[in-house]
Structure formats: C-alpha cells, structure tokens
Amino acid sequence: MIQLYPLVRVAVILVAGMTVGYMTRSYLLSVHWLSAAALVMILTAVIRKVYVQSFFVFAVVFFIGGAAMLHAWHAMKTITSHSPVLYEAVVFSSPVVRERVVTCDLLILLQEEPVLVKSSFVRDARSEHLRMGDGLEACSSWKSWKENPSSSFDYALYMKSHGYRAQTLIKEWRGKEVSLHSLSWLTRARLVVGQWRESLIGLLREHGLFQQDLAVVTAMSLGDKSMINKEIRESYSMSGVSHVLALSGMHLGIIYWVLSMTAARWRRHRGWLRPVSEGIILLAIWTYVFLVGMSPSVVRSAVMITVFSLMSLLHRGKMSLNVLGFTAVVMLLVNPLNLFDVGFQMSFIAVASILLFSRRIFDCLPTVRHRMLRWLWGLLSVSVAAQIGVAPLTAYYFGQVSCYFLFTNIIIVVLTTLIIYLTLVFYVFLWFAPVASLLASVLSIAAHTQNTVVQWVSTCPGSVISHIHLHPVQVVLIYVIILSAYAMICRLDLYKHRKMITFAP
C-alpha cells in the first residue's frame with residue numbers, strides 16, 4: 001500500500017488548492033480564500049475532535065494554496081501599450097542572434113517597479129553586439145500573449161509563469177547608461193552573475209568550441225540553452241534524452257559528488273570539520289545554482305541536496321518522498337507560478353517515480369553479481385522508473401513518446417558525466433593554456449559524439465511514437481492507474497511477507 005508521508009499529503013493538497021485557485025481566478029480574489037482559511041482555523045480551535053481537526057488542517061492548506069496562487073497571478077498582470085512608449089531598460093539575458101531579429105530579455109525600469117519583457121530587436125550591426133547588462137533607451141509598444149487554455153501547451157501561461165509581463169518588437173533604440181538603483185540587490189546580483197556566465201561561455205569559445213558542440217556544453221554546464229537550434233532540440237526530444245539539456249538532479253548530483261570526494265577526508269571527521277566541510281560544499285552548490293540562473297529543476301535539486309546533507313549530519317534517513325514533498329511545498333510557496341512550469345512538473349514527477357519504482361525494478365534481477373552489470377542494471381532501472389513517471393506528461397505536452405530511451409540513456413549518461421567532469425577541470429586549469437586547450441579539444445569531441453549519437457537514434461525507424469493527443473483528464477487517469485498498480489504490487493508483497501511468516505518453521 002502506498003504510504004503517503006505527511007509532507008507529501010501537504011504538497012498534494014497545496015497543489016490541489018493552487019489548481020482550483022487558478023481555475024477560479026476570474027471571479028475570486030485571494031482575500032476570499034484567506035477568509036475561508038481563517039474561518040476553518042476558528043472551527044479547528046472550537047471543535048476538539050482529532051479526526052475533524054486533521055481534516056480542517058488540510059482544508060487550511062488547501063485554502064492557503066488557492067490564496068497564494070491568486071496573489072501571485074494578479075501580481076503578474078501583463079502590461080500593454082497600444083502606442084509606442086519611450087522607456088529605459090537593461091538587457092537581462094544573453095542575446096540570441098536569429099535570422100531577422102536578436103532576441104533577449106529586457107528589464108524595463110519603470111518608476112513603480114521594474115518589469116521583465118521578452119524583446120526582439122530588428123537585426124543590424126548594433127543589435128548583434130548587445131550584451132547582458134547593457135543599458136538602452138527604446139521606443140516601442142508592449143503586447144500581451146493570447147491565452148489558450150484549451151491547448152496542451154499554453155504559451156501565454158508559460159511566459160507569465162516565468163515572470164514575463166509583455167513582449168515587444170524594438171526598431172528604434174540607442175545605447176545609454178542607466179541607473180540600477182531602483183533594482184533590488186538580488187536583481188543586480190543576477191545581472192553580475194549573468195555577465196560572469198557570458199564570460200565563461202566566451203572562454204569555451206576562445207578555446208575552440210563552436211556551434212552546437214558549444215551550445216550543448218553550455219546548456220549542460222552553465223544552464224544556457226539559448227544557442228541550441230531547433231534541429232538539436234527535436235533530436236534530443238525524439239531520443240528521449242532532452243532532460244540532459246536542462247540542468248537537474250543528475251548534473252547537480254555529479255557536481256555534489258565531485259565536491260564530496262574532494263572533501264572526503266574532512267567529511268569523515270566526527271568533529272567540527274565535518275559540518276564546516278558540508279557548509280562549504282552547500283555554499284558552492286548554491287553559488288553554482290545562482291550562476292546558472294536558478295531554474296526550477298536545479299533549485300529543486302539544490303533544496304533536496306541541502307536536506308540530504310543536513311539529514312546525513314544528523315544520521316537520519318537521507319532521501320524519501322517526504323523530502324521531495326518538503327521541497328515542493330517550499331518552492332510552490334515561494335513562487336506558486338512554478339506549478340505551471342513544464343520542467344518543474346517533470347522534475348518532481350520523475351524523482352517521485354524513481355523513488356517509488358527504481359528499487360522494485362532493480363530487484364527483479366536479484367542474481368546479478370558482477371559489479372559492472374549491476375551498475376548497468378541500476379542505470380536501466382532508474383531510467384525505466386523515471387520514464388514511467390514522465391511519459392504521460394511527455395505525451396500530453398509534446399505529443400510523442402520515445403521508444404529507444406533505454407539505449408540512448410546508457411550512452412548519454414556516460415557522455416554527460418564525462419562532459420561535466422571535463423568542463424569543471426577545464427575551468428580549473430584555465431591558468432595553464434596548453435592543458436586548457438587539450439581539455440577543450442576532448443570536450444568538443446565528447447559533445448560532438450553525444451550530438452551525433454542522439455541525431456542518429458532520432459532518425460532510426462520507429463524511434464518515436466508521435467501524434468498523441470491526450471486530454472488533461474486522461475493524463476490524471478493514467479497516473480491513477482499507475483499508482484493503483486503500485487498499490488496492488490505493495491499489497492501482494494505484504495501478503496507474501498505475512499504468508500512467509502505464518503508458515504515459517
């Protein structure tokens with residue numbers, strides 16, 4: 001039987017409240033939900049029955065979820081202007097040069113508060129040389145996106161959940177020194193870190209990485225996917241390994257393991273050195289998270305690693321669905337709009353599926369003794385478990401499911417690990433040019449090999465089942481079936497265990 005840990009229950013009810021809150025956004029306000037939560041809290045204090053109080057506590061969580069969602073939604077209203085507006089702004093992402101335009105994020109410096117806008121500059125010699133942190137004065141109109149809730153992928157909802165308030169096409173602009181005093185220290189820090197990230201990408205380019213090899217390395221190590229072209233994105237999606245292009249638990253786990261091995265001597269110490277070393281490692285992890293842009297998947301991984309580290313210091317259980325539930329609650333309360341991020345959904349469901357299914361799949365072959373074969377079978381078990389969880393979402397959002405994900409993942413995990421290791425060592429040896437150049441050459445070969453393998457797999461016959469059209473209700477029902485099957489397996493195991501005890505001599 002599935003054991004719902006307390007924090008998992010809280011996370012599920014919070015998500016339910018946020019979902020209902022979003023559905024009622026047209027005719028309810030956050031104050032209505034908060035009033036309902038306050039009323040339930042009063043009833044909780046009046047009624048002393050334990051089972052009723054438990055129900056009321058979860059009801060409070062439900063109403064708080066709805067209130068948080070409505071507050072975040074109304075705070076992120078789009079801004080529009082029918083006629084061109086003169087304004088100052090700062091480039092807030094690495095510009096991407098396309099065929100006719102140069103696209104980037106702009107932070108428009110309004111008097112009330114700065115707002116994030118998705119912008120496109122008409123391509124010319126000036127716009128091609130834009131860099132993150134550049135100030136400018138522009139004149140353009142701001143437009144919103146058309147909401148399309150009937151589609152499996154609502155682009156307007158996606159943009160709003162990522163903090164964008166409008167889109168604009170800029171034809172008239174000039175560079176200008178702008179004051180950043182109206183920005184918070186966190187926003188200014190993100191600008192500085194973004195400029196560092198551009199410098200690190202420039203170092204890779206200077207040492208011989210170009211085009212899609214550079215694009216894949218920067219996506220996997222620095223979280224910048226802007227240079228990846230449509231063909232490579234589709235190849236990774238069709239091969240079932242698009243997750244390696246988004247920084248997630250696997251990437252951060254590799255970095256955490258490298259840092260842990262480096263500090264292994266101090267981490268084994270039972271005195272004050274162990275917590276100090278853990279603190280330094282966590283500081284490095286969160287610095288890296290900040291460097292790569294704090295995407296939901298990498299923040300989720302960092303929170304889980306932090307909890308893992310703290311629990312290991314306390315000699316407690318290290319990883320469970322409870323930890324995952326705690327992470328989800330924290331991230332959703334900080335930013336309720338994370339709920340609509342596809343990467344956020346897939347990240348949590350993949351980890352939950354791994355925690356539920358990977359051990360059971362691995363135990364299907366208990367006779368595997370060889371260390372290499374056990375490692376390979378463990379890798380396949382994790383891959384299958386993750387695919388069980390994300391396949392319904394992949395089919396819903398992208399209309400396709402990969403058929404060769406097992407084969408591709410075996411190769412890609414090895415190459416991904418190699419690429420991350422090489423990138424870390426490359427930046428360590430930047431001071432020694434010959435070694436850095438050699439590492440960059442090997443890194444380019446590894447990235448090119450990975451792209452070639454993925455593109456080859458994507459062109460194989462029957463590599464993908466496409467044109468799948470699922471309704472949200474069907475997706476929910478699929479997950480109900482998956483969880484019901486898991487519960488049935490758990491009950492059978494419990495029955496067999498009791499039977500063995502009954503007939504034991």
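F121 stands opposite I170 in β6. The model shown here is a predicted one. Strand β4, which covers residues 115-122, pairs with β6 in the parallel sense, and six bridges join the two. Strand β6 itself comprises residues 164-170. Because five of its seven residues are buried, strand β6 is largely enclosed by the rest of the structure.

In sequence, S144 and Q167 are 23 residues apart, yet their C-alpha atoms are 6.2 Å apart in space. When residues up to four places away in sequence are not counted, S144 touches Q167 and also T78 and T80. Is S144 buried, partly exposed or exposed? Its relative accessibility is 33%. Buried means under 20% and exposed means over 50%, with partly exposed in between; S144 therefore counts as partly exposed.

Helix α2 spans residues 30-46, and T44 lies in it. The relative accessibility of T44 is 16%, so this residue counts as buried. Which backbone oxygen does the side chain of T44 reach? It is that of V40, at 2.8 Å. T44 is also in contact with Q53 and F56, leaving aside neighbours within four places in sequence.

Conventions: Residues numbered from 1 in each chain as written. Predicted model: local features only at pLDDT ≥ 70, side-chain atom pairs only at ≥ 80, totals over all residues. Heavy atoms only, no water. Buried < 20%, exposed > 50% of the residue type's maximum accessible area, 1.4 Å probe, protein only. Contact = heavy atoms within 4.5 Å. Helix = DSSP H or I, 4+ residues; strand = E, 2+ residues; numbered from the N terminus. Polar contact = N/O pair within 3.5 Å; in protein donor to acceptor, adjacent residues only side chain to side chain. Pairing = 2+ DSSP bridges.
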